[in-house]
Amino acid sequence: EATLDLPERRRIRSAIRELQRQELQRDEETLASKRFRPERSSHRQDNKENWPQSRRLEEEQQAALAALSEQLEAITSVEELTKLLRAAGEYEERKLIRAAIRKLRAEEIEGEAPFPCSRGEALESLR
């Protein structure tokens, strides 16, 4: 059913354009509402207010890790370090303890290795 009436075609085209314009306007409004949500901006403001507190907590954590590092230097038993590792909750603490365990094991291996000496000296020490 094609229409031959030109004024009717114009009305149909203008109605289609108006519908497209309304749809585009709704899409823009939806996009704008997603971009500028008030809760996001207030959340950012909260972060700015909490920044000094989070900075202080980070400094306290660094100080605690430094103290733990000194404490780990005094421990000479892999078993004690393993117990500490199992009890540790924070990733950074576990990381320091694992490093201390590796260091102790490396020192144990170096202590067990024979000192390099000539073959004659080794034979004399056996006599």
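Guide: Here is a short walk around that patch and its surroundings. Keep in mind that the model you see is predicted.

Start with the members: the negative surface patch brings together Glu-79, Glu-80, Glu-107, Glu-108, Glu-110 and Glu-112. Two helices, α3 and α4, the latter running over residues 91–112, each give at least two residues to it. Helix α4 has the largest share, with four residues.

Now pick out one of them, Glu-108, which sits in helix α4. Its relative accessibility is 41%, so Glu-108 counts as partly exposed; that value clears the cut-off for joining a patch, which is over 30%.

Next, go back to Glu-79, another member of the patch. The side chain of Glu-79 makes a polar contact of 3.0 Å with the side chain of Ser-77. You'll find Ser-77 in the loop that links α2 (38–74) to α3 (78–87). With a relative accessibility of 16%, Ser-77 is classed as buried, because buried means under 20%. So this contact pairs buried Ser-77 with Glu-79, a residue of the surface patch.

Arg-13 belongs to helix α1, which covers residues 6–35. Like Glu-108, which is partly exposed, Arg-13 is partly exposed too, at a relative accessible area of 47%.

Technical notes: Residues numbered from 1 in each chain as written. Predicted model: local features only at pLDDT ≥ 70, side-chain atom pairs only at ≥ 80, totals over all residues. Heavy atoms only, no water. Buried < 20%, exposed > 50% of the residue type's maximum accessible area, 1.4 Å probe, protein only. Polar contact = N/O pair within 3.5 Å; in protein donor to acceptor, adjacent residues only side chain to side chain. Patch = residues over 30% accessible without salt bridge, like charges linked within 9 Å, V, L, I, M, F, W, Y side chains within 5 Å. Areas by Shrake-Rupley, 256 points an atom, 1.4 Å probe, with all protein chains shown as cover. Salt bridge = Lys/Arg side-chain N within 4 Å of Asp/Glu carboxyl O. Lys, Arg positive; Asp, Glu negative; His and termini not counted. Charge placed at Lys NZ, Arg CZ, Asp CG, Glu CD.
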